[in-house]
Every structure is written in structure tokens, then in C-alpha cells.
Amino acid sequence: MALWSGRFSAGTQKDLAKLSESISFDRRLYACDIAGSKAHVTMLAARGIIPEKTAADICAELDEIQKKIEQGNFKFDIALEDIHMHIETALIEKLGAEGARVHSGRSRNDQVALDIRLYLRDAVDGIIAKIRAFQRSLVDKAAENPRAVMPGFTHLQHAQPILFAHHLLAYVEMLDRDAERLADCRRRINVMPLGSGALAGSTLPLDREMVTRLLGFERPTRNSMDAVADRDFAIELLSDLAIMAMHISRLSEDIILWCSQEFNFIELADEFCTGSSLMPQKKNPDAAELSRGKTARIYGDLVALLTLCKGLPLTYNRDLQEDKERLFDALDTVNLVLDVYTPMISGISVKKDRMLDAASDPGLMATDLAELLVKMNVPFRTAHHRVGELVKYCREKGLELDKLSLEQMREVIPEATEEFLTLFDPEKSVGAREIYGGTGYREVAGQIAFWQKKLQ
């Protein structure tokens, strides 16, 4: 019999019971539910609302229930709907009427809001730790290849020579913003809703500040209606995870391209690739492709939760039961991708000679020519135009930029000197970019050292 069934004369219709249950997915909240209940009854006893012995007996039995769940000896039944009802029912079966005191001064509305916040708080901490490990793998790979030069791309066209390490560190920056967003989101998760009741608080003399301290929250919620209806923190978390998934998807795209025969810049370790069921020679970058694909799934979780909440009146509505599957799915997906990605990065083999060869197209140093003209006091737009004309000149005559004589170059760029003929070295081009944030050797080495220290 459901704990709420007192005013009903008939049991729940069997298909409604299936529609109503959430124990199939919210059972993972058991530890959070138990921690919240222990803090709640400790406060109830301190306020004289229930006897001290009752609180002690409830806490002891909650510990036993947790052991049973973790050992796989706890029976779940969809008739009891959710994890909250399962644990409370088990308490009452063991302790009788004294066990029923556990729910004094609370509702499932504020109870589930508490459990989700406790769960997400720990989940965020775990994801941030994995992001840091992911960053370390990228920084380590950059440190292993501090002078590997590759072509940088805009519009997926060869643009200018850069360091491979510089490219990897761009993703370290993205992941750092992801970690910062999650840490900031955690602040809004870390607010204690218990004591809000169904929507209006309680007539009992609850000490919400005490429960806040016991559970390690920053403060209690200020408005009981908002406390039970709020899922902003969950939407914000899914938004942060979606942005991070987008970053991982972009890196996946780079890795997939770099592994292709056309690029051939890197090779992934065999354990992160699969073969073809038909073509024996294939080595497919499935880990990167699947991670790219999982991004769509996380976007779907975010959109589903936004859509779920968009038309809900205050306060609690049963629709909100649907938030947990979206949250759990996104968290599980992100954790799995991070678990795969960090060792995958560590196992990358870098083909430095192939990268350098691709970066040696003299056209990639065209900007170096224009900037040397700027140093000679030629306005940049004039310099840009003249170098563009020089590129056209070479194309029309079937020549490479680095094969021009000084006399030929001066036909288009009268200011050209012998120095202009020395600019078509990609390693020299990279070395000339020692501006803060640039791709120069010393600058990138400094960035690697910065991240190594920060991520210790």
C-alpha cells in the first residue's frame, strides 16, 4: 500500500503504476536520500520534534538499508514508485510507527529536490576531476612534442604554420572554461531546499540552518515555492555539459581528420580503434567518432529538460519526475566519453615529419611577407595587396614562392630585400611568433609550464 493512499478507495491502475514509477532509474539516489534523511531526523530530535532515541534508531536502520542496497539484498517494487518511498517503507516495516516519524516536516517535493542537489554536487566534483585529468593528458602530449610544426587551418584550408602543441593547448583552454562553468554551476546547486515542504514550508519548528550545516550546503533556499519548483540548476548543468561535449566533438573532428590518409598527422593506439567487417585494411577512429556522436545525445537531454520545464506553473508538478533520466543520461554519457578520451590522447603517436612537410608549403608564409613590409613602413592593406599580387604572379608563371629570385620578386614588390627570400621556412615562421598567446617556441613552452603547474 502506498504511503499516500489514505484518502483513496481504490488502488492505482496497473498501467498508471508503470507510468508513475521512477524506481527503475532514481534508485541511484539511495545514498543521497539516506544522507538527507539522517540529517533531517538529527535536526528533528535536536528541536524536540521526535525523541532522541527514535532519531538514533532511524539513523541506524538507514545505515542497514544502505548496506542492503549496496549488497544487492534490497527488494524494489514499482508499486512503491520511487527511492524515497522504498526507503521510508523499509523503515516503517522495521521500526513501526517510530519509523514513520522520519517524514515529519517534509514532503517528497523538497525531499527529491534535496536528493538531486546532493547527487549533482558530487557528480560535478567528479566531472571536474576528470576534466583536469583530460587536460593533463593534452598538456603531456604537448610537452612530448614541443617543436612539432604543423599547418594551422582556417576554413579547413592551410593557413599558417603553428606548433602541434599550440593546437592541443587550445583545447586545454576550452576545457578549463568548462571546469570553471561547472564550478560556478555547483554554487547554485549547493543550496539546501529541505524544510520547504510541498510548497509552503512547515508549521513545525524546523532548523533549516542545522540541516544546511550537516549536509555541507552553502545556505538554505530563500523561497519555499521556488525551492521545490526550481530546476534551473539542472538545466544549467546540462547546458555546461553540452558546451563541453561540443568542445570534445570539435577535438574529435580534428583527430578524425589527422588520422586520415590525406592528413596522416597522427596515429591512434589500436585499442581506441576498430576495423571494418568487410575491409581488412581499415583502422577506424571509432572512439573519436562515437564521442562526436554522443554530443547530439547530450544536446537532446538539454532540449528535453528545457521543454519539460517551459510550461510548468508553480509549484511542483509531476512532470518534473522526468528530469532525472535526462540528467542521469547526460552525466553517464559525459563520464564515459571522458574515461575513454584521456587515455586515448595519451596513446597518440605524432608523425612530426609528415606535419612539417604539410606545413612547408611556401604559401603558408605569405603573411610573413606582408608583415615584413609593414615593418618597412608599408601600410598593411598595401602590403597585403602586393603579396596577393605576388601569389598571382607565381601562379600565372607556374612558380613556387620560395623559388623566386630577388629580381622576380621585385617585379611585384619593389621593396623586397634578400631577407624576403629567407621567410619560407615554417620552423622559422613559428619561431618568429613569440607574442603572448602566440605559437612561438618559447611562448608555447611557457604555456606548457603554466598548465603543468596549474594541473599538478
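Two strands are said to pair when DSSP finds at least two bridges between them. The views below all show a predicted model.

**View 1. Strands β1 and β2 form a hairpin.** Strand β1 covers residues 149-154 and strand β2 covers residues 157-163. The two strands pair in the antiparallel sense, over five bridges. Proline 151 stands opposite proline 161 in β2, and threonine 154 stands opposite glutamine 157 in β2. In a regular strand, side chains alternate between the two faces of the sheet.

**View 2. The largest pocket of the model holds about 510 Å³ of space.** Of the 22 residues that line this pocket, the closest to its centre are Gly152, Phe153, Thr154, His167 and Asp254. Rolling a probe the size of a water molecule over the atoms shows where empty space is left. Which elements each supply at least two residues of the lining? They are the strands β1 and β2, together with α7 (164-189) and α10 (232-259). By residue type, the lining of the largest pocket divides into 11 nonpolar, seven polar and four charged residues.

**View 3. Helices α11 and α12 are roughly antiparallel to each other.** Two packed helices are described by the angle between their axes and the distance between the axes. Helix α11 spans residues 286-309, and helix α12 spans residues 323-346. The axes of α11 and α12 come within 9 Å and cross at roughly 160°. Angles over 145 degrees count as roughly antiparallel, and α11 and α12 are therefore described in this way. The crossing in which α11 passes α12 is left-handed.

**View 4. A cis peptide bond joins leucine 314 and threonine 315.** The omega angle of this bond is about 5°.

**View 5. Glutamate 81 has a positive phi.** The value is near 70°, in a residue other than glycine. Where does glutamate 81 lie? Its position is in the loop between α4, residues 52-71, and α5, residues 83-95.

Definitions and conventions:
Residues numbered from 1 in each chain as written. Predicted model: local features only at pLDDT ≥ 70, side-chain atom pairs only at ≥ 80, totals over all residues. Heavy atoms only, no water. Helix = DSSP H or I, 4+ residues; strand = E, 2+ residues; numbered from the N terminus. 1 Å grid on protein atoms, 1.4 Å probe; cavity = no way out; pocket = protein on both sides within 12 Å on 5 of 7 lines; lining within 4 Å. Points joined across faces, edges and corners; volume = space filled by probe spheres on them. Nonpolar A, V, L, I, M, F, W, Y, C, P; charged D, E, K, R; others polar. Axes fitted to C-alpha atoms, helices over the stretch in contact; angles between N-to-C directions. Parallel < 35°, antiparallel > 145°, perpendicular 65-115°, else oblique. Left-handed = near helix turned anticlockwise from the far one by under 90°.
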